Amino acid sequence: MRRKTTILTLQKMYQDNRPISMVTAYDFTAARLADSVEIDIILVGDSLGMVMMGLDSTVAVTMDEMLHHCRMVVRGNATAFVIGDMPFLSYEVSSAEAVRNAGRFMKESGVDAVKLEGGREMVETIRAIIRAGIPVMGHIGLTPQSVSKLGGYRVQGKSAESAQALLDDAYALQNAGCFAVVLEAVPAPVAAAITERLNIPTIGIGAGGSTSGQVLVWHDMLGLHDKQLPRFVKQYAQLGNAIKQALTQYREDVGTGDFPAVEHTYPMPQEELDKFLSAINS
Ligand code: KIV
């Protein structure tokens with residue numbers, strides 16, 4: 001079995017040019033599955049608001065909801081590096097509040113690091129969290145918590161000026177001490193240029209193949225819902241259909257009496273049964 005993945009493991013992978021695999025997971029079972037196939041990083045993303053809770057965006061997700069899911073994931077995981085995603089307004093109001101909330105992730109759920117969205121404007125906050133001993137992953141490009149400000153879920157960095165702004169943000173996050181940066185929905189050549197210039201790993205989602213690693217959302221990559229998928233998602237399985245088929249078969253078996261069969265029932269000694277039946281029938 002592999003050893004626990006730490007920040008040093010991730011740094012070594014980056015130095016050795018070994019791509020980093022990251023996937024979201026939100027519960028015990030999913031974490032066990034991801035860890036069992038040696039995924040490097042499990043992100044307890046605030047995307048859980050949409051794929052687990054049925055919300056329209058990630059904006060309403062709370063600290064307590066995030067901590068609840070982080071605890072399940074940490075319990076299911078043994079060796080992957082686990083990151084808790086700081087929800088909207090848990091780190092923007094003040095650095096002190098950001099440190100307190102990042103600390104809650106570590107103390108109350110046991111994750112290895114936190115992630116937060118934003119570029120240059122987050123530098124002071126990130127420094128304060130890292131000073132408290134908590135590793136921070138940055139996240140720029142399409143930042144879903146700011147969907148209202150961005151005017152929708154759109155590709156970022158398509159003009160020379162906005163690409164330059166992304167690069168400036170990436171440098172700022174690196175200088176602030178982030179151990180890695182997520183680049184979401186960014187043209188591949190822009191992500192490649194940023195990756196080339198940084199000396200920390202970039203983890204791409206919709207950012208092409210030149211980043212230091214990739215991340216996908218659990219429900220998207222496993223085909224667990226029938227919502228329209230962004231073009232960058234590769235579906236590795238159609239578990240939603242497999243589950244529907246299984247549930248349909250179950251419903252039919254219950255209807256026809258084919259389930260449960262003898263092998264699904266508990267036997268008892270015949271003499272005990274006879275005794276029981278004669279007692280209740282007398
Ligand atoms: O919340 C999330 O799942 C994320 C990933 C898309 C990076 O932030």
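Helices here are DSSP runs of H or I with at least four residues, and strands are runs of E with at least two, both numbered from the N terminus. On that count the protein has 12 helices and 8 strands. The model is a predicted one, so to speak of local features takes a pLDDT of at least 70 and side-chain atom pairs count only at pLDDT 80 or more, while totals for chains, interfaces and linings use all residues. Residues are numbered from 1 along each chain as its sequence is written, and side-chain values use heavy atoms, with hydrogens and water left out.

The C-alpha atoms fill a box of roughly 90 × 40 × 40 Å along the principal axes. Of the 282 residues, 46% count as buried (under 20% relative accessible area with a 1.4 Å probe, protein chains only; exposed is over 50%, and partly exposed lies in between).

Now to the ligand. Around it sit T24, L43, G45, D46, S47, D85, K115, H139, E184, I205 and V217, each with a heavy atom within 4 Å. This shell divides into 3 nonpolar, 4 polar and 4 charged residues (Ala, Val, Leu, Ile, Met, Phe, Trp, Tyr, Cys and Pro count as nonpolar, Asp, Glu, Lys and Arg as charged, and the others, Gly among them, as polar). Ligand oxygen atoms lie 2.5 Å from a polar side-chain atom of S47, 3.1 Å from one of D85 and 3.0 Å from a side-chain N or O atom of K115. Taken alone, the ligand exposes 250 Å², and the protein buries 96% of that (Shrake-Rupley areas, 1.4 Å probe).

Elsewhere, F88 is found in the loop between β3 (81–85) and α5 (95–109). F88 counts as partly exposed because its relative accessibility is 31%.

Key
Polar contact = N/O pair within 3.5 Å; in protein donor to acceptor, adjacent residues only side chain to side chain.
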